[in-house]
Amino acid sequence: MAVKILMPALSPTMEDGTLANWQKKEGDKIAPGDILAEIETDKATMDVEAVDEGILGKIIVPAGSEKVKINSVIAVLLEEGEGQDAIDALDLSANLSTENVAKSTAMSEAKAETKIDAKTEVTPATPVAPTPPTPAPTPVNNSERIFASPLAKRLARDYGLDLQNIQGTAAHGRITKADVENAKISGGTSGAISGAGRMPSTGYQVRDLSPMPDYQSLKPDNIRKVIARRLTQSKQEVPHFYVTAKVNINQLMAMRAQYNAPFDDKAQKISVNDLIIKASALALKDVPEANASWLGDEIRQYNRADISVAVGSPKGLITPIIRDAENKPIGMIAAEMKALIAKANQGKLQPIEYEGGTFSVSNLGMFGVDEFKAIINPPQGCILAVGQAVKTPIYDAHDNIVPAMMLSLSIAVDHRVIDGVVAAQYLAALKKHLENPLWLFI
């Protein structure tokens with residue numbers, strides 16, 4: 001019996017996704033556990049596994065299709081011996097967008113055309129009054145991709161030049177406006193230019209100084225679109241204010257060095273960021289009013305500190321979570337953080353590993369950033385921005401000038417749920433734990 005393969009809901013918040021690519025093709029035998037396709041959700045790229053065995057009879061949604069609704073039909077799985085009749089008996093249009101139905105139809109028609117026997121006589125259709133012809137496009141050899149700027153392509157089309165005959169002078173042989181104009185002067189190619197139109201053999205090339213510089217159009221994936229939408233919403237709807245403090249982390253650095261000394265394996269060592277995660281969680285226990293969210297008709301104050309940690313993955317910003325961080329030993333926090341970062345870089349985080357969180361930490365100190373202000377991650381009420389530690393002369397208790405590693409901390413707060421006094425109290429509690437770090441190691 002033919003089985004519909006549906007677009008899965010890979011997270012509780014997912015409404016649609018992009019079918020990035022198919023790992024199997026029509027006619028392939030499928031076994032339970034086989035990877036059928038890759039789906040881009042609003043957070044990551046995830047694999048879709050087969051749960052039944054059979055033959056992939058028809059792909060309904062082509063690779064690259066965007067905004068595919070969950071539970072819409074993306075393919076049909078057939079049993080051994082079943083054919084097109086079994087597929088025709090199914091309703092395959094349910095929940096599919098018009099765009100994806102059109103893509104599927106076009107793909108089926110293209111396959112049907114390839115099956116027409118060359119010897120079959122085709123009766124020509126009754127002539128119809130032709131529409132005015134459009135100018136023929138510039139011939140292109142599809143066997144090799146041509147790299148050219150959009151302006152260069154337009155000029156070549158206007159001049160009636162073939163880009164195949166033009167030698168690009170920009171990086172990686174990219175064809176620019178200057179290359180096309182030189183080709184026009186030389187009669188269609190870019191290799192026979194003389195006089196003012198040709199560069200002397202100095203190793204330098206003329207740069208394209210047109211009003212619109214060369215650029216590349218990059219199509220954002222689902223993750224980047226969600227980042228843009230959520231952060232725009234945050235800045236537009238959440239009334240941010242900021243509180244900043246400097247923290248002396250001399251003792252913290254000394255105790256960290258002492259903790260790491262016995263370990264040769266880097267995987268067992270802890271980072272400053274691990275200690276900041278722990279300190280942030282303990283400070284939330286001291287000032288629970290800061291561990292809260294604005295939900296419109298209620299303020300939700302959390303009893304557990306689940307710390308979302310900003311990670312810059314190849315796919316974009318994502319915030320895996322250290323749950324119950326206030327009750328975990330620092331070694332466990334460090335191990336969990338390393339594992340989550342590795343999965344984020346591979347795009348393999350599961351929804352449970354990044355959805356939720358009650359408070360966020362964003363650390364750019366390792367990139368040499370002294371201080372910055374972060375954008376709140378709704379519906380959370382706070383995000384902590386961490387800069388780099390800088391050696392600074394300070395006065396000690398006896399008014400002597402001594403060196404200290406001073407760390408810049410800035411907390412962004414949702415003023416709808418947290419007032420200035422609470423933000424100041426939280427930052428003071430965080431400073432206490434970082435400057436007196438014994439409890440971070442217990």
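This is a predicted model: local features need pLDDT of at least 70, side-chain atom pairs count only at pLDDT 80 or more; totals for chains, interfaces and linings use all residues.
**Entry 1: A86**

I looked up what A86 touches: A2 and L78 turn up, leaving out residues up to four places away in sequence. Contact here means heavy atoms within 4.5 Å. A86 lies in helix 1, residues 84–88. Helices are DSSP runs of H or I with at least four residues, strands are runs of E with at least two, and both are numbered from the N terminus.

Residues are numbered from 1 along each chain as its sequence is written, and side-chain values use heavy atoms, with hydrogens and water left out.

**Entry 2: aromatic rings**

How many aromatic pairs does a search of the whole structure find? I got three. Rings of Phe, Tyr and Trp (its six-membered ring) pair if their centres lie within 6.5 Å; planes under 30 degrees apart are stacked, over 60 edge-to-face, and the rest tilted. Y259 and F441 have ring centres 5.9 Å apart and planes at 50 degrees, so I wrote this pair down as tilted. Y259 is in helix 6 (250–260) and F441 is in the segment after helix 10 (420–435), so the pair ties together parts 182 residues apart in sequence. Y259 is partly exposed, with a relative accessible area of 25%.

F359 and Y426 are also a tilted pair, because their planes sit at 45 degrees, with the centres 5.2 Å apart. This pair links distant parts of the chain, 67 residues apart: F359 is in strand 16 (359–363) and Y426 in helix 10. Both F359 and Y426 are buried. Y259 came up again, in one aromatic cluster with F263 and F441.

I traced an open sheet of four strands, order 5-4-2-7, with antiparallel pairing. Two strands pair if DSSP finds at least two bridges between them. Strand 5 (45–49) and strand 7 (65–69) are the edges, each pairing on one side only. Strand 2 (16–22) and strand 4 (35–40) run antiparallel, joined by four bridges. In strand 4, E40 is the bridge partner of T18.

Terms used
Buried means under 20% relative accessible area, exposed over 50%, partly exposed in between (1.4 Å probe, protein chains only).
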